[in-house]
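Please examine the sequence and the structure shown here before reading the briefing.

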Amino acid sequence: MHQDAVPPTETIRPDWAELDQLPTLDLLRLMNAEDRTVPAAVAGELARISAVVDAVAARMARGGRLVYAGAGTAGRLGVLDAAECPPTFGTDPALVVGLIAGGRTAVTEAVEGAEDRTDLAEADVASLALTPDDALIGVSASGRTPYPLAAVRAARAAGALTVGLACNRGSALVAAAELGIEVEVGPEVLAGSTRLKAGTAQKLVLNMLSTAVMVRLGRTYGNLMVDLRATNAKLRERARRIVAEATGADEDAIRRALAATDGRAKDAILLLLANVDAPTAARLLTASDGRLREALQRTRGHDQIQGQIHDQIQDRIRNRDRN
């Protein structure tokens, strides 16, 4: 895309010129119809998203970090995704980081001119002291916002893996990065308001990226969030359900296992399935880089355990079908 050309995400659709005259229900139908085009646009980029996931996971397995960099809506979405990784996957807050033009203030209010400050991007990236094991994903609807573009260039100069996520083809952001994802969402119902379809596309992609990376790193067991941090009543109940689903144990056994492991669902599952104590479960998980399946394989009677799990799952399926 030529630098002077208006990107599709900024163009105005003449057939929507009477938007403010539409009855409320018709307005919502129009927005809903446009929103339904976003998942299809994301589907067209799955191969590229997959390549990014594998590249990021390989680096994080060596101790690297995942960094998002963006301005405005794109920056807030990166900060949001980073903030949700610790409670969901039990990660250290420094492992997934969100950089936003204008800093923390910009998360809740607009910081005028911040997105144009390439010097701020360079300083923010420099503060992280990136290495080749780290990955930085620049996020921008237009693909030419100065802050994420400068962040990608600075990260690449530092030797980190760089990725551009844009909502237009032929963007400067993707051209500057080693890997690129370009989800074409087209014009917004409200012209230029890229918090709409473009923001939805970015959220979907970031959801995929962080979740799939954590799956590859062994932060899940099947589709269970076994590494979640049970920091409130809701999450403690979720941890209990996760242990119950994974083990089929009775409530008393689950309660004792969670108490013995300080509420860590992954440790409690290993304790129950492998019939080991809490310190042994912790050692097995450490030796397996936190991967529950590998830890189970290190225990005696692994085949028997797997057979028991299969039988328990089949029993639950049969009980649900009967109900």
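This is a predicted model: local features need pLDDT of at least 70, side-chain atom pairs count only at pLDDT 80 or more; totals for chains, interfaces and linings use all residues.

Residues are numbered from 1 along each chain as its sequence is written, and side-chain values use heavy atoms, with hydrogens and water left out. Helices (H or I, at least four residues) and strands (E, at least two) are DSSP runs, numbered from the N terminus.

**The sheet**

- Five strands make up an open sheet with parallel pairing, in the order β2-β1-β3-β4-β5; two strands pair if DSSP finds at least two bridges between them.
- The edge strands, each pairing on one side only, are β2 (96-100) and β5 (179-182).
- On average, neighbouring strands of this sheet are turned by 15° against each other, direction ignored.
- Strand β1 (residues 66-70) runs parallel to β2 and is joined to β2 by five bridges.
- Within β2, L99 is the bridge partner of A69.
- Helix α7 (residues 146-157) packs on the sheet and touches β1, β2, β3 (135-140) and β4 (161-166), where contact means heavy atoms within 4.5 Å.
- The direction of α7 makes about 165° with that of β3; axes are lines fitted to C-alpha atoms, for helices over the stretch in contact, and angles run from 0 to 180 degrees between N-to-C directions.

**The helix pair**

- Two packed helices are described by the angle between their axes and the distance between the axes.
- The axes of helix α10 (residues 233-247) and helix α12 (residues 265-274) cross at roughly 30° and come within 9 Å.
- The two helices α10 and α12 are therefore roughly parallel to each other, a term for angles under 35 degrees.
- Residues A239, I242, V243, A246 and T247 of α10 meet A265, A268, I269, L272 and L273 of α12.
- By class, this contact of α10 with α12 has nine nonpolar residues, one polar residue and no charged residues; Ala, Val, Leu, Ile, Met, Phe, Trp, Tyr, Cys and Pro count as nonpolar, Asp, Glu, Lys and Arg as charged, and the others, Gly among them, as polar.

**Two threonine residues**

- T162 lies in strand β4 and is buried, with a relative accessible area of 0%.
- Buried means under 20% relative accessible area, exposed over 50%, and partly exposed in between (1.4 Å probe, protein chains only).
- Apart from neighbours within four places in sequence, T162 is in contact with residues including L136, V152 and L179.
- T200 belongs to helix α9 (residues 197-216) and counts as partly exposed because its relative accessibility is 31%.
- The C-alpha atoms of T200 and P39 are separated by 8.9 Å, although these residues are 161 residues apart along the chain.

Note on methods:
Angles under 35 degrees count as roughly parallel, over 145 as roughly antiparallel, 65 to 115 as roughly perpendicular and the rest as oblique.
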